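Subject: Handover of a structure

Hello,

I am passing this structure on to you, with notes on what was found in it. Please look through the structure first and then read the notes.

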Amino acid sequence: GCGVVALEGFLYAAGGYEEGNRLNVVEKYEIETDEWQEVSPMQVRRNGLELVELNGFLYALGGHDGDKHSKIVECYDPKTNLWTFKASMNYENVWFGAVSFKNEIYVVGNLKSEVYDPIKDCWTEMPSPTECENGRRLVVFKDKLVVIGGKVGKPEEWNGISTVQYFDFINRVWISKKDMDVARCYHSAAVISCKCLSPDSFNL
């Protein structure tokens with residue numbers, strides 16, 4: 001349940017869950033030395049968060065603090081080794097999709113989707129995919145925002161979906177592409193050599 005992202009040659013891991021406790025611990029990994037080093041912890045303990053890199057900063061978004069879903073946003077500056085609070089998301093989110101794209105942060109959340117402007121330090125609602133639940137993955141693929149899979153049904157049910165959609169910025173709508181062969185939620189997705197892996201691969 002931790003957030004993971006690369007920044008300036010390091011791999012950062014933030015938050016998570018261990019032995020019944022949410023964590024605020026943040027570590028960075030250097031592949032050349034094969035070593036992990038702790039940096040300043042987040043101010044809020046949480047798991048199920050998203051960790052995003054934007055313009056040389058880390059943004060820790062949402063998650064679960066042990067009592068409730070969170071909409072809190074913290075920003076980490078690697079030069080000062082400090083976390084500061086930024087404008088909270090409009091909606092509480094856990095196990096959701098988030099990614100940086102064209103100097104903004106996009107979130108496909110549990111209830112709604114929204115976009116963050118770091119200059120104005122504000123969040124603005126945007127259209128959501130047709131099936132808007134949680135447990136999704138959001139990636140940038142071939143200069144497009146792509147949302148993959150997710151969870152539908154009652155909270156106690158684990159029903160994944162196989163849908164794949166990308167966002168049409170001109171018409172402000174999500175467009176469906178070929179479904180994955182396997183329905184999935186709470187999964188991983190990555191872009192490698194112009195292929196999107198989830199682990200099913202497809203091309204836009």
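Predicted model: local features only at pLDDT ≥ 70, side-chain atom pairs only at ≥ 80, totals over all residues.

Residues are numbered from 1 along each chain as its sequence is written, and side-chain values use heavy atoms, with hydrogens and water left out.

Pocket and cavity

Both terms rest on a 1 Å grid over the protein atoms alone: a cavity is a set of points where a 1.4 Å probe fits but cannot get out, and a pocket is an open set with protein on both sides within 12 Å along at least five of seven lines. Lining residues have an atom within 4 Å of a point. Grid points are joined across faces, edges and corners, and a volume is the space filled by probe spheres set on the points.

The largest pocket holds about 610 Å³ of space. Its lining has 27 residues, and those nearest the centre are Val4, Glu50, Leu51, Ala98 and Arg137. Two or more lining residues come from each of the strands β1 (3–7), β7 (50–54), β11 (97–101) and β15 (137–141). Strands (E, at least two residues) are DSSP runs, numbered from the N terminus. By type, the pocket lining consists of 16 nonpolar, seven polar and four charged residues. Here Ala, Val, Leu, Ile, Met, Phe, Trp, Tyr, Cys and Pro count as nonpolar, Asp, Glu, Lys and Arg as charged, and the others, Gly among them, as polar.

One cavity of 30 Å³ or more turns up in a search of the whole structure. The volume of the largest cavity is about 40 Å³. Its lining is made of Pro129, Glu131, Arg136, Val147, Gly149, Ile161, Thr163, Val164 and Gln165, which divide into four nonpolar, three polar and two charged.

Surface patch

Val4, which is among the residues nearest the centre of the largest pocket, also belongs to a nonpolar surface patch with Leu11 and Trp36. Together the three have about 270 Å² of accessible area. Patches are made of residues with over 30% relative accessible area and no salt bridge, with like charges joined within 9 Å and nonpolar side chains (Val, Leu, Ile, Met, Phe, Trp, Tyr) within 5 Å. Accessible areas come from the Shrake-Rupley method with a 1.4 Å probe, and for residues only the protein chains shown count as cover. Leu11 sits in strand β2 (residues 10–14) and is partly exposed, at 33% relative accessible area. Buried means under 20% relative accessible area, exposed over 50%, and partly exposed in between (1.4 Å probe, protein chains only).

Salt bridges

How many salt bridges does a search of the whole structure find? There are five, each being a side-chain nitrogen of Lys or Arg within 4 Å of a carboxyl oxygen of Asp or Glu.

One of them joins Arg46 and Glu74, with the closest N and O atoms 2.9 Å apart. Arg46 is in the loop between β6 and β7 and Glu74 is in strand β9 (residues 69–77), so this pair ties together parts that are 28 residues apart in sequence. Arg46 and Glu74 are both buried.

Another joins Lys68 and Asp65, at 3.1 Å from N to O. Lys68 is partly exposed at 45%, and Asp65 is partly exposed at 25%.

Lys102 and Asp143 also form a salt bridge, at 3.7 Å from N to O. Lys102 lies in the loop between β11 and β12 and Asp143 in the loop between β15 and β16 (144–148), so the pair ties together parts that are 41 residues apart in sequence. Both Lys102 and Asp143 are exposed.

Single residues

Most residues other than glycine have a negative phi. Asp34 has a positive phi, near 55°; Asp34 is in the loop between β5 (26–30) and β6 (35–39) and is exposed, at 54% relative accessibility. Asn103 also has a positive phi, near 65°. Asn103 lies in the loop between β11 and β12 (104–108) and is exposed, with a relative accessible area of 52%.

Met42 is in the loop between β6 and β7 and is buried, at 2% relative accessibility.

Regards

How values were computed:
Helix = DSSP H or I, 4+ residues; strand = E, 2+ residues; numbered from the N terminus.
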